[in-house]
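Colleague: Thanks for making time to go through this model with me. Please put the sequence and the structure up first, and then I will ask my questions.

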Amino acid sequence: MASHRKSRPVGTRVAGIRTPALATAALTSVALLSQSANAAPADDKPSLEEVEKKVDDLYRQAESATDNYNAAKEKTTKQRKQVDTLLQDVAQRTQKLNEAREELGSFAAAQYRTGAAAPDTATFLLADTPQDYFDQTQLMGRLTSRQKGAVDDYVSGQSATMKKRQEASQSLQTLTDTQSDLKTAKATVQKKLADARDLLSELTAQEKARLAAIEKQKRQEAARKAAELAQQQAAAEKAAQEATTPQQSTPTAPDSSYATKAAKALAFARAQIGKPYVWGATGPDSYDCSGLTQAAWKAAGVDLPRVTYDQVNAGTTVSLADAQPGDLVFFYDDISHVGLYIGNGMMIHAPKPGAYVREESIYYDGESGIHSVVRPA
């Protein structure tokens, strides 16, 4: 067979094969595109640690938004009561004014029957005040003192009713604005929780198993830190007892009183263990974090505000080393989470959506997550 082989131009070698010079650029492009396609999933997909951090951040943001929701809800409830009271007051005042207007109309008619000019009913009803009407028709001078008093009462009542109507109108507008804030906060919570669920749903079974292992490791580290704190507190208490003279060992009434109340709060909190976290919930079947601490201390006769950033100011701040059972432990710079300290570095809290009220180390999200400790009573 005859050979039709042509002389090959000088080219480059790819994988041990000499290639034509004109094809080199094309092959290079294909290789780069192939590398890019293979690398894209690895570059675009976040690591498991990044997913965990993102989910935790979303839960924290949802909890912060929950506090905003709780505050708006509490404000809405108060404003609705205020509006209802104002509207009821306006209705009662209006009814009295209508009765007084009818009585004053009868005065005008009576004066007419005694010889005064014929009363103009339309003028009477449209006059700025009954006083103006009676002056205009020259009847004021012929009214008795009781009738004049009725006119004065009507005039003052009319002015007060107008003010109440304005106040009710302003309260209604404020209520409308607060309800809008409530709706926005609710939507924010739902969006954050949906984003967190979406991230978790994208994990493979193997990734979920690895994530569970990471969480287990974090719990073990948190338990270790809690044990360290328990040892430190025990050592400090022992040193204090050894340094105290018999004359100084009598417990003070405030400490004894606090311990009694704290015991009641903790007993209530323990009874809630196993109930689900539900944002905005205050019991009895489910709780969010501040809903649980509020309900626990209410069982001890202490009224706490509804949201974490108000609860943090509802007592005396103490150091972590001096924390006692019953104290409130707050977390994060935005004070978006709270738990009830039970001693030995542990707390009872409602953690996050999808979880249940449980005992857990106060170091569950690391030492840096702890914001402050507050003694509420």
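**Strand, core and overall fold**

Colleague: Let me start with S372: does S372 count as buried or exposed?

Modeller: The relative accessibility of S372 is 12%. The cut-offs are under 20% for buried, over 50% for exposed and partly exposed in between, with a 1.4 Å probe and protein chains only. On that scale S372 counts as buried.

Colleague: What should I know about the numbering and the model, and how many residues does the protein have?

Modeller: Residues are numbered from 1 along each chain as its sequence is written. The model is predicted, so local features need pLDDT of at least 70 and side-chain atom pairs pLDDT 80 or more, while totals for chains, interfaces and linings use all residues; side-chain values use heavy atoms, without hydrogens and water. In the protein 35% of the residues count as buried, out of a total of 377.

Colleague: How many helices and strands are there in the protein?

Modeller: Both kinds of element are DSSP runs numbered from the N terminus: helices are H or I with at least four residues, strands E with at least two. S372, for instance, has its place in strand β8. The protein has 9 helices and 8 strands.

Colleague: Which residues does S372 touch, leaving out residues up to four places away in sequence?

Modeller: A contact needs heavy atoms within 4.5 Å. S372 and V329 are 43 residues apart in sequence, yet 6.0 Å apart in space, C-alpha to C-alpha. The residues touched by S372 are V312, L328, V329 and F330.

**Aromatic rings**

Colleague: How are the rings of Y69 and W279 arranged?

Modeller: Rings of Phe, Tyr and Trp (its six-membered ring) pair if their centres lie within 6.5 Å; planes under 30 degrees apart count as stacked, over 60 as edge-to-face and the rest as tilted. That rule gives 4 aromatic pairs. The centres of Y69 and W279 are 4.9 Å apart with the planes at 75 degrees, so this pair is edge-to-face.

Colleague: How many residues apart in sequence are the parts that this pair ties together?

Modeller: Y69 is buried, with a relative accessible area of 12%. Y69 belongs to helix α2 (residues 48-113) and W279 to the loop between α7 (253-271) and α8 (289-299), so the separation in sequence is 210 residues.

Colleague: Which residues do ring pairs link into a cluster?

Modeller: The rings of F331 and Y364 have centres 5.3 Å apart and planes at 80 degrees, so they make an edge-to-face pair. F331 sits in strand β4 (residues 328-331) and Y364 in the loop between β7 (358-361) and β8 (370-375), 33 residues apart. Both are buried. The cluster is made up of F331, Y332 and Y364.

Colleague: What is phi of Y332?

Modeller: Y332 is found in the loop between β4 and β5 (337-343). At 7% relative accessibility, Y332 counts as buried. Its phi is positive in a residue other than glycine, near 75 degrees.

Colleague: Which residues is N70 in contact with, leaving aside its neighbours within four places in sequence?

Modeller: N70 is in helix α2. At 2% relative accessibility, N70 counts as buried. The contacts of N70 are G280, D288, S290, R306 and V307.

Colleague: How far apart in space are R60 and D334, C-alpha to C-alpha?

Modeller: R60 is also in helix α2, and at 28% relative accessibility R60 counts as partly exposed. R60 touches Y332, D334, S336 and D365, not counting residues up to four places away. R60 and D334 are 274 residues apart in sequence, and their distance in space is 9.5 Å.

Colleague: Which residues are the closest to the centre of the largest pocket?

Modeller: On a 1 Å grid over the protein atoms alone, a pocket is an open set of points where a 1.4 Å probe fits, with protein on both sides within 12 Å along at least five of seven lines, and lining residues have an atom within 4 Å of a point. The largest pocket holds about 620 Å³ of space. Of its 24 lining residues, the closest to the centre are D56, Y59, E215, K352 and R358.

Colleague: How many of the residues of α8 are buried?

Modeller: In the loop between α7 and α8 lies P284, joined to G283 by a cis peptide bond with omega of about 0 degrees. Just after α8, G301 takes a positive phi of about 85 degrees. The helix α8 is mostly covered, and its buried residues number 9 of 11.

Definitions and conventions: Points joined across faces, edges and corners; volume = space filled by probe spheres on them.
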